[in-house]
Amino acid sequence: MESPDETDCPEFPAHMDDDHPGEECGLFGAFGCPGAARIIFDGLFAQQHRGQEGAGIAVSNAGKIRCVKGLGLLANAVPAGRIRELAGDMGIGHVRYSTTGGGGIAHNVQPLIGDCVDGRWAVAHNGNIVNAYELRRLHQESGALFQTGTDSEMLLHLLAAPGYRKDPMRVARACETLIGAYSFLIMSRDRLYAVRDPHGFRPLVMGRLGKGWVFASETCAITQIGAVYEREIEPGELVAVDANGMASTRLSRSGGGAGLSHCVFEIVYFARPDSRVFGHNVHQVRVSYGERLAEEYPVDADIVIAVPDSGNSAAMGYARKSGIPYEMGFIRNHYVGRTFIMPGQEERASQVDKKLAAMPETVGGKRVVVVDDSIVRGTTMRRRVRTLREAGASQVHLRISCPPVAHPCYYGIDFPTAGELIASSKSVEEIRRYMEADSLGYLSVTGLLSPFADKRSYCIACFDGFYPMETGSGDKSILDEPGGPASSDS
Ligand code: SF4
C-alpha cells in the first residue's frame with residue numbers, strides 16, 4: 001500500500017458554513033480508458049463540491065494497484081507530477097468530506113486499499129453504513145485489525161473474509177451484508193465494480209468514453225470529461241466490467257427494508273445544478289421550488305436576490321413566478337475558506353462574513369426577498385439579514401426552498417446534532433424573530449415533493465423525522481480507533 005501523502009493540512013471546507021450541512025463524497029471510475037488517472041482526476045475535479053478534505057486515485061496496471069492520495073483539495077492531494085506514476089487504463093477515485101478533523105484524518109482518505117490473500121482491492125464509498133459498528137466489533141473479536149476510522153473499511157474486511165472470498169458472488173455477498181446508504185466503486189486487479197444500495201440513497205451513474213466505461217456520482221462529471229451519459233446504476237444493482245465485457249446483477253437482499261429512498265437533499269443542495277440526479281435536472285427542480293415558494297409565500301417587495309451560489313436557481317424561480325425583478329444583492333468571494341484555519345466559532349463566523357458582501361447600490365432602500373436553499377443552524381443566515389440591513393435594505397423577507405431541517409441524517413450527510421438544528425426546537429415564527437427578518441417562508445413538504453411523480457421514492461427524514469430504515473444503534477466509539485474521531489465516509 002502506498003503511504004498516504006499529507007500534502008495539505010486540514011482546513012475548513014470552502015463550501016461549508018453554519019447554515020449548510022457538510023458535503024458528502026464524490027466518486028469517479030474508469031475502465032478501458034487509456035490514461036485513466038488523468039480522466040479520473042478530471043472527473044473528480046468536476047465533483048470537488050462534494051468533498052474538499054481529501055482525495056485519491058487508485059489505478060490498476062499489469063495486475064498491480066497503485067494509489068496516490070492526500071489531504072485537501074484534489075490538486076493538492078494528487079499533484080500533476082504524481083499522476084504520471086499512475087499508468088493504466090482502469091482506476092477509481094474519490095473526493096472526501098467527513099466530520100473528522102485532526103491528525104488522524106490521513107488514514108481515512110480514499111480509495112482505501114486492502115491486500116487480501118488473493119490480491120489487492122481498492123474501495124471508494126459515498127454514504128454511511130449504519131451497521132458498520134456492529135460488524136466491526138464482530139470482526140475485531142475474531143482478530144481483524146482495522147486501519148482507519150471509517151465505516152467504508154468494513155467492505156474490505158468482508159471481501160477478505162474466508163466465507164466471502166470463495167464465493168463467486170463475493171462482492172454482491174459483501175454488499176448484501178451491509179445496511180445503510182452506499183454507492184461504491186470497487187476495484188480488483190482486473191475488474192471494476194459499481195454498486196448502489198437497494199434504497200438508492202446516493203446517486204451513481206455510468207457513461208461511455210470511446211470504447212471504455214466511466215462511472216461517477218454526478219452526471220456533470222460524465223459530461224465534463226467529454227463522455228456520453230448512459231444511465232444510472234439502479235438501486236440494488238451491481239455492475240461489473242472486465243476484459244470480457246459488462247455484467248449486471250441484483251443484490252438479493254434489500255438491506256434493512258424494501259423501498260426506494262433517494263436523498264432529496266442531493267437535489268435541494270448537494271448536487272451541481274447541471275447534474276441530472278435521480279432522473280431530474282437539478283437546476284430545473286430548484287427553479288420550480290422557487291416558483292412554488294412564490295405561490296406559497298407571496299410578498300410585496302422590490303427585488304429578489306439569492307444567497308449565492310446555493311440559492312441562485314430557486315431565486316430565479318421566485319422572481320419569475322412573482323414578477324419581482326431578480327437582482328444581484330450579494331457578491332461572493334470564492335477565495336475565502338481555503339486560506340484560513342479557523343479553530344474557534346468567532347473566527348469561523350468572521351470568515352463566513354467575508355464570504356458574502358451586500359451591494360448597497362442594489363438593496364439600499366429596497367424591500368428585499370432573499371432566497372436560499374436551507375437553514376441548518378441559523379447563525380449564518382442571521383448575519384446575512386443584518387448585512388442587508390446595514391447595506392440599507394428597508395425590509396428583508398427570507399424564503400427557503402426546503403422545509404425546516406429538524407432532524408439529523410444517518411445516511412451520509414453531515415448535519416449537526418439535533419440540538420444544533422434551529423428548527424428542532426424553534427417554531428417558524430421563533431426562527432423569524434431570531435433572524436430579525438420581516439417575514440420567513442419555508443417550502444412545504446408537499447412543494448418539496450411536487451416535481452416528482454414517484455413521491456414515495458424519496459427520503460425526507462431530516463424534515464419529517466420518519467426514517468426509511470434503521471439509523472444504526474451500535475457503539476460508534478469503536479470508530480475512534482485508530483484514525484481519530486468517529487467518522488463516516490460520506
Ligand atoms: S435524512 Fe435528509 S439528508 Fe439524510 S438521506 Fe434523508 S433526505 Fe437526505
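Q: What should I know about the model before I start?
A: It is a predicted model, where local features need pLDDT of at least 70, side-chain atom pairs count only at pLDDT 80 or more, and totals for chains, interfaces and linings use all residues. Residues are numbered from 1 along each chain as its sequence is written, and side-chain values use heavy atoms, with hydrogens and water left out.

Q: How many helices and strands does the protein have?
A: The protein has 18 helices and 23 strands. Both are DSSP runs numbered from the N terminus: helices are H or I with at least four residues, strands are E with at least two.

Q: What share of the residues is buried?
A: Of 490 residues, 60% count as buried. Buried means under 20% relative accessible area, exposed means over 50%, and partly exposed is in between, with a 1.4 Å probe and protein chains only.

Q: And the surface?
A: The protein exposes about 18,000 Å². Carbon and sulfur atoms supply 52% of that. The areas come from the Shrake-Rupley method with a 1.4 Å probe; for residues, only the protein chains shown count as cover.

Q: What about contacts between residues at least 6 apart in sequence?
A: In that set, 72% join residues at least 24 apart. Contact means heavy atoms within 4.5 Å.

Q: On to the ligand. Where does it sit?
A: The ligand sits in the second largest cavity. A cavity is a set of points, on a 1 Å grid over the protein atoms alone, where a 1.4 Å probe fits but cannot get out. A molecule sits in one if more than half of its atoms lie within 2 Å of its grid points.

Q: Which residues surround the ligand?
A: Phe201, Arg202, Cys263, Val264, Phe265, Cys409, Tyr411, Ile413, Cys459, Ala461 and Cys462. Each has a heavy atom within 4 Å of the ligand.

Q: Which elements give two or more residues to that shell?
A: Helix 9 (264-270) and helix 18 (461-464).

Q: How many residues of helix 1 are buried?
A: Helix 1 (residues 36-45) is mostly covered, with 7 of its 10 residues buried. They are Ala36, Ala37, Ile39, Ile40, Phe41, Gly43 and Leu44.

Q: And Arg38?
A: Arg38 is in helix 1 too. Arg38 is partly exposed, with a relative accessible area of 41%. Its C-alpha is 8.6 Å from that of Arg84, 46 residues apart in sequence.

Q: Where is Arg84 found?
A: Arg84 is in the loop between helix 3 (80-83) and strand 4 (90-96). At 69% relative accessibility, Arg84 counts as exposed.

Q: Now the backbone. Which residues does a cis peptide bond join?
A: One joins Gln110 and Pro111, with omega about 5°. Pro111 is in the loop between strand 4 and strand 5. The bond from Pro308 to Asp309 is also cis, with omega near -5°. Asp309 is in the loop between strand 17 (303-306) and helix 11 (312-322).

Q: Why flag those, or a positive phi?
A: Most peptide bonds are trans, and most residues other than glycine have a negative phi.

Q: What is phi of Ala62?
A: Near 50°, a positive value in a residue other than glycine. Ala62 is in the loop between strand 2 (54-61) and strand 3 (64-71). Ala62 is exposed, at 78% relative accessible area.

Q: And Glu436?
A: Phi of Glu436 is near 60°, also positive. Glu436 is in the loop between helix 16 (428-435) and strand 22 (439-442). At 33% relative accessibility, Glu436 counts as partly exposed.

Definitions and conventions:
On a 1 Å grid over the protein atoms alone, a cavity is a set of points where a 1.4 Å probe fits but cannot get out, and a pocket is an open set with protein on both sides within 12 Å along at least five of seven lines; lining residues have an atom within 4 Å of a point.
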